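Try each one yourself before you read the solution.

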Amino acid sequence: MTTWEDVVRLASALPEVEAATWYRTPALKVAGKRFARLRTEAEGGLVVMCGLDEKAALLDSGDAAFFTTPHYDGHGSIIVDLERVDVDQLRELLEEAWRRKAPRRLTT
């Protein structure tokens, strides 16, 4: 099972990532912009920023590691089940989320 500590370790390989909080839960940000957050234990999952096309593709894949709730309808984010996600795929999702929020000076 992937833990929050694993998420932080994976994301920390990217420039200027810092651990923070968002809605009173652990989160990751770059240059002050949030790109992932751990939902409460009762809610479950890790919210990761993504494009709407990517979200649709992940949901359409049928992979149980990815889901959403009505709260996130129309929003560029996907919820990741840390107990089911492939670590390499999580790494890719975190990197893409980081790229979406990082300033240009860090992505070029």
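**Exercise 1. Overall build**

What percentage of the 108 residues in the protein chain do buried residues make up?

Solution. Some ground rules come before the counting. This is a predicted model, where local features need pLDDT of at least 70, side-chain atom pairs count only at pLDDT 80 or more, and totals for chains, interfaces and linings use all residues. Numbering starts from 1 along each chain as its sequence is written, and side-chain values use heavy atoms, with hydrogens and water left out.

Step 1: buried means under 20% relative accessible area, exposed over 50%, and partly exposed in between (1.4 Å probe, protein chains only). By that rule, buried residues are 40% of the chain.

Step 2: check the overall size. The radius of gyration (over C-alpha atoms; the globule rule is 2.2 Å times the number of residues to the power 0.38) is 13 Å, which agrees with the value near 13 Å for a compact globule of 108 residues. The C-alpha box along the principal axes is roughly 35 × 25 × 25 Å.

Step 3: look at contacts (heavy atoms within 4.5 Å). Of those with a separation of 6 or more, 47% link residues 24 or more positions apart.

**Exercise 2. The sheet**

List the elements of the chain, then work out in which order the strands form the sheet.

Solution. Step 1: helices (H or I, at least four residues) and strands (E, at least two) are DSSP runs, numbered from the N terminus. The chain has 4 helices and 6 strands, running α-β-β-β-β-α-β-β-α-α.

Step 1: two strands pair if DSSP finds at least two bridges between them. That gives an open sheet of 6 strands, ordered β1-β2-β3-β4-β6-β5, with antiparallel pairing. β1 and β5 (66-67) are the edge strands, each pairing on one side only.

Step 2: zoom in on β1 and β2. They are joined by 6 bridges, and W22 has T25 of β2 as its bridge partner.

**Exercise 3. Two faces of a helix**

Which residues of α1 are buried, and what covers them?

Solution. Step 1: pick out the buried ones, namely W4, V7, L10 and A11. They sit on the same side of α1, because they cover an arc of only 120 degrees around the axis (directions from the helix axis to the C-beta atoms).

Step 1: recall the helix geometry. An α-helix has 3.6 residues a turn, so residues three or four places apart point the same way.

Step 2: turn to the other side of α1, where E5 and R9 are exposed.

Step 3: find the cover. It includes β1, β2, β3 (33-38), β4 (46-49) and α3 (87-101).

**Exercise 4. Loops and rings**

Where do E16 and R24 lie, and which residues form the aromatic pair?

Solution. Step 1: most residues other than glycine have a negative phi. E16, however, has a positive phi near 60 degrees; this residue lies in the loop between α1 (4-11) and β1 (17-22) and is partly exposed at 42%.

Step 1: R24 also has a positive phi, about 65 degrees. R24 is in the loop between β1 and β2 (25-30) and counts as exposed at 86%.

Step 2: find the rings. Rings of Phe, Tyr and Trp (its six-membered ring) pair if their centres lie within 6.5 Å; planes under 30 degrees apart count as stacked, over 60 as edge-to-face and the rest as tilted. The structure holds 1 aromatic pair: W22 and Y23, stacked at 6.1 Å centre to centre with 20 degrees between the planes. W22 is buried at 14%, whereas Y23 is exposed at 64%.
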